[in-house]
Amino acid sequence: MTNFTYSIPTVVHFGQGQIQKLGAEIAARARKVLVVYGGGSVKRNGVFDDAAEQLKSHGIPWVELPGVEPNPRVATVREGVRLCREEGLNGVLALGGGSAIDCAKGIAAGFYYDGDPWDLSAKKLTPERALPIFAVLTMAATGSEMDDIAVISNPETNEKESFAGPCCYPAVSILDPTYTYTLPAFQTAAGTADIMSHTFENYFSPIEDNYLADSLAEAILRSCIKYGPKAIQTPDDYEARANLMWNATWAINGFLKMGKPVSWSVHRMEHELSAFYDVTHGAGLAILTPNWMRYVLNERTEGRFARYGTAVWDLDAALPARRLAEAAIERTRTFFTSMGLPATLSEIGIGPEHFREMARKARIGGFDSTFVPLSVEDIVKIYEMSL
C-alpha cells in the first residue's frame, strides 16, 4: 500500500426517524438556509415536509431552489449562488439524491468565489472554503452524502466534470432508508449499478495488496447483488434499502481507495455519455462496465478477475483463471440486465457519431496509471464494443 491520510468530517445520522436531529444540527451551524431539491418527489413523499418541520421548530428560515436536474447543471448552481448572496443565506440543505447534493456543493463552494462556479469543475482552482452543507438522502447511489466530490454538467459545452475539496464534505447527512421506498424500480437499479461501479473503480487497481479494503469491496458487491433485486421486488423492504444505502456511502467515501491509485476510468467514459446525451448515470455505467472488463482482460489481469469471480459470484475456484474471469464478467452483465438496465448504447439511442470526441475528453493523465492504461483509441474501442 502507498501512504495516505484519511479523514471524513461528516456526521451521519442513519436510520428511520433520524431527521428529528436535522434542525438542531443545522441551527448549530447556520441561521438561514437554501433548500435545494429536484423535480418535486420530495414534496410528494413527505421528505420536504419533514425537513420543513425541523427548520420551523428551530426557527430557521429558508429559501427554496427546486428543479435540480438529474445531471445537475451549472446554470442551477449559478442561480443558487445568486440566491444565497441576495437572501443572506449561510447554509445549503439538499433534499434528494446525488444530483441535489452535488448541486448544493457547487453552490456552497461557489458562494465564496467571485468568478463563474464552472471554474471549479474546469479545474481552474480547488475550493478552499464553502458554506456548511446538509443532506437528507432519498436515493442510494452516488455516495455524495459522505464525500467531498461534486459532478456538474455544462450543456453549453457538452462537458460533465467534477471538483473536490475538503470544504465540500457535508457537515451532516441524514440517511433514512424509508425515504427510498418510493424510488422507481429503474432508479433503484441504476443506483445499484452506480454503487457497484464505484466499488469496481477502487477494486480494480494496479496495487492489489490492500486486503482489508479489497475484502470490504467484495462485501459491498455481494451486498448489492443480494439486495438490489430485493429492493426492486419489494420497495418497502427495510433491510434491503438500509443495506443499499450504507453500501453507497462506503463505496465512495474514500476508504476503499486508500493506499492505491484510482483513476475512475469507466466513470470518466460515462460522464461523456451523460454530457452529450444526458443519460442516467447508472444506466450508462451498466452498459460500459462489462465491456471495459472484457477489454482490459489479459494474462496479467485475469487473476484479479478470477478472484472477483470466486469472492463475489461464488464461482468454482478450481476452474482455470481465464474461465473464471470470463464467467465473472458475463455474470456482471447479466445481473445489470436482470434489473432492467440496458446492455447496449443502441438501446438508449446512442450511435458512434461522437465517440472520438468523447474519448478525447474522457482521457486524462490518470489513464496512464490505471488498472490497464488506456489511450484515446482504447476508449473509442470500448465505446464501440458497447453499441
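**Labels and the values behind them**

Analyst: Gladly. This is a predicted model.

User: Where is Y6 found, and what does Y6 make together with M1 and F4?

Analyst: Y6 is found in the segment before β1 (11-14). With M1 and F4, Y6 makes a nonpolar surface patch of about 310 Å².

User: Why does E161 count as buried?

Analyst: The cut-off for buried is under 20% relative accessible area. E161 has 12%, so E161 counts as buried. This residue lies in strand β7 (residues 159-164).

User: What makes the pairing of E161 and R268 a polar contact?

Analyst: A polar contact needs N or O atoms within 3.5 Å, and the side chains of E161 and R268 meet that at 2.9 Å. Leaving aside residues up to four places away in sequence, E161 touches R268 and others, among them W118, K123 and E272.

User: Why is the protein called as compact as a globular protein of its length?

Analyst: For the protein, with its 15 helices and 8 strands, the radius of gyration is 20 Å, close to the 21 Å from the globule rule for 387 residues, so the protein is as compact as a globular protein of that length. Its C-alpha trace spans about 65 × 45 × 40 Å along the principal axes, and buried residues make up 58% of the 387.

User: How do you know that K260 and D214 form a salt bridge?

Analyst: The limit is 4 Å between a side-chain nitrogen of Lys or Arg and a carboxyl oxygen of Asp or Glu. The side chains of K260 and D214 meet at 2.7 Å, N to O. This pair links distant parts of the chain, with K260 in the loop between α9 (238-251) and α10 (265-277) and D214 in helix α8 (residues 211-233), 46 residues apart. Both K260 and D214 are buried.

User: What about E377 and R356: which label does each get for accessibility, and why?

Analyst: E377 has 39% relative accessibility, so E377 counts as partly exposed. R356, at 44%, is therefore partly exposed too. Their closest N and O atoms are 2.7 Å apart in a salt bridge. That pair joins helix α15 (residues 376-385), which holds E377, to helix α14 (residues 355-362), which holds R356.

Notes: Residues are numbered from 1 along each chain as its sequence is written. This is a predicted model: local features need pLDDT of at least 70, side-chain atom pairs count only at pLDDT 80 or more; totals for chains, interfaces and linings use all residues. Side-chain values use heavy atoms; hydrogens and water are left out. Helices (H or I, at least four residues) and strands (E, at least two) are DSSP runs, numbered from the N terminus. Buried means under 20% relative accessible area, exposed over 50%, partly exposed in between (1.4 Å probe, protein chains only). A polar contact is a pair of N or O atoms within 3.5 Å; within protein, one must be able to donate a hydrogen and the other to accept it, and residues adjacent in sequence count only if both atoms are side-chain atoms. Contact means heavy atoms within 4.5 Å. Patches are made of residues with over 30% relative accessible area and no salt bridge: like charges are joined within 9 Å, nonpolar side chains (Val, Leu, Ile, Met, Phe, Trp, Tyr) within 5 Å. Accessible areas come from the Shrake-Rupley method with a 1.4 Å probe; for residues, only the protein chains shown count as cover. The radius of gyration is taken over C-alpha atoms; the globule rule is 2.2 Å times the number of residues to the power 0.38.
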